[in-house]
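The sequence and the model are shown first.

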Amino acid sequence: MTEAEFTTTYNNLHPKVYRLCLGYVTGDEQIARELCQQTFINVWNHRKSFKGNSKIDTYIYRIAVNCCLGHLKKKKPTNIDIRDQTKMVDDSVLPEENPKTIEQLYRCIDQLKPINKTVILMELEEIPQDEIATTLGYSHGSIRTRLSRIREALLKCITHGK
């Protein structure tokens, strides 16, 4: 990957990677920026190990997920700032759209297992399911089933306010 290709890739994927990181750290913008920056540093440092067997997007999302999971292993999230995450909401999981429901949705997402949180945050970023599957090492069918169960769990959580 040349510097020009990296710059183009960075400009195209930076917003999605940032929002993915933001979802992992429940709205802490500073940590999300740091994780996003670390993701692209890792991409640049390991660019020669990218074999081209998958899309570059998949490779970068996997690095971002690893950065975020590494961060979560070090420290449990404590802050919830929902205001900047409203653009990530998937209308199909909301019984009705209002700020209180969106806040509840993100509280419920925060309660998911890390892998399920990764899947739903990538889905909310409109990353294709087959790419999510490749990134996480699952089959496409497994991701579809997992997403269905996650949506049910989120709906139940939102409905019952847990």
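The text below moves from the overall fold to the core, then to helix packing and to individual residues.

## Overall fold

The model is predicted. The protein has seven helices and zero strands, and its elements follow the pattern α-α-α-α-α-α-α along the sequence. Of its 162 residues, 44% count as buried. The accessible surface of the protein comes to about 9100 Å², and carbon and sulfur atoms hold 48% of that area. Among contacts between residues at least 6 apart in sequence, 65% join residues at least 24 apart.

## The nonpolar core

The largest nonpolar core contains 46 residues. Within this core, Val17, Ile60, Ile109, Ile120, Met122 and Leu154 touch the most other members. At least two core residues come from each of α1 (3–24), α2 (29–45), α3 (56–74), α4 (99–110), α5 (114–124), α6 (129–136) and α7 (140–160). The largest share, 10 residues, is supplied by α3. In soluble globular proteins, nonpolar side chains tend to be buried together.

Which residues does Val17 contact, leaving aside its neighbours within four places in sequence? They are Cys36, Thr39, Phe40, Ile60, Tyr61 and Ala64. Ile60, one of these partners, is itself among the core residues that touch the most other members.

| Helix pair | Angle | Axis separation |
|---|---|---|
| α5 and α7 | about 95° | 10 Å |
| α6 and α7 | about 105° | 8 Å |

An angle of 65 to 115 degrees counts as roughly perpendicular. With an angle of about 95°, α5 and α7 are therefore roughly perpendicular to each other. On the α5 side, the contact is formed by Ile115, Asn116, Val119, Ile120 and Glu123. On the α7 side, it is formed by Ile143, Arg146, Leu147, Ile150, Arg151 and Leu154. The residues of this contact of α5 with α7 divide into seven nonpolar, one polar and three charged.

α6 and α7 pack at an angle of about 105°, which makes α6 roughly perpendicular to α7. Here Gln129, Asp130, Ile132, Ala133 and Leu136 in α6 meet His140, Ile143, Arg144 and Leu147 in α7. The residues of the contact of α6 with α7 comprise five nonpolar, two polar and two charged. Ile143 and Leu147 of α7 take part in the contact with α5 and also in the contact with α6.

## α5 and the residue that follows it

Nine of the 11 residues of α5 are buried, so this helix is largely enclosed by the rest of the structure. The buried residues are Asn116, Lys117, Thr118, Val119, Ile120, Leu121, Met122, Glu123 and Leu124. Charged residues are among them, including Lys117 and Glu123.

Is Lys117 buried or exposed? Lys117 lies in helix α5 and counts as buried because its relative accessibility is 3%, where the cut-off is under 20%. Beyond its neighbours within four places in sequence, Lys117 is in contact with Gly23, Tyr24, Thr26, Ile109, Asp110 and Leu112.

α5 is followed by Glu126, which lies in the loop between α5 and α6. Glu126 has a positive phi of about 60° although it is not a glycine. Most residues other than glycine have a negative phi. At 67% relative accessibility, Glu126 counts as exposed.

Tyr24 lies in helix α1 and is buried, with a relative accessible area of 0%. Not counting residues up to four places away in sequence, Tyr24 touches Val65, Cys68, Leu69, Leu72, Pro114, Lys117, Thr118 and Leu121. Tyr24 and Lys117 are 93 residues apart along the chain, and their C-alpha atoms are separated by 7.6 Å.

Glu3 is also placed in helix α1. At 60% relative accessibility, Glu3 counts as exposed, whereas Tyr24 is buried. Glu3 and Trp44 are 41 residues apart in sequence; in space, the distance from C-alpha to C-alpha is 8.8 Å.

Note on methods
Residues are numbered from 1 along each chain as its sequence is written. This is a predicted model: local features need pLDDT of at least 70, side-chain atom pairs count only at pLDDT 80 or more; totals for chains, interfaces and linings use all residues. Side-chain values use heavy atoms; hydrogens and water are left out. A nonpolar core is a set of buried Ala, Val, Leu, Ile, Met, Phe, Trp, Tyr and Cys residues joined through side-chain atoms within 4.5 Å. Buried means under 20% relative accessible area, exposed over 50%, partly exposed in between (1.4 Å probe, protein chains only). Helices (H or I, at least four residues) and strands (E, at least two) are DSSP runs, numbered from the N terminus. Contact means heavy atoms within 4.5 Å. Accessible areas come from the Shrake-Rupley method with a 1.4 Å probe; for residues, only the protein chains shown count as cover. Axes are lines fitted to C-alpha atoms, for helices over the stretch in contact, and angles run from 0 to 180 degrees between N-to-C directions. Angles under 35 degrees count as roughly parallel, over 145 as roughly antiparallel, 65 to 115 as roughly perpendicular and the rest as oblique.
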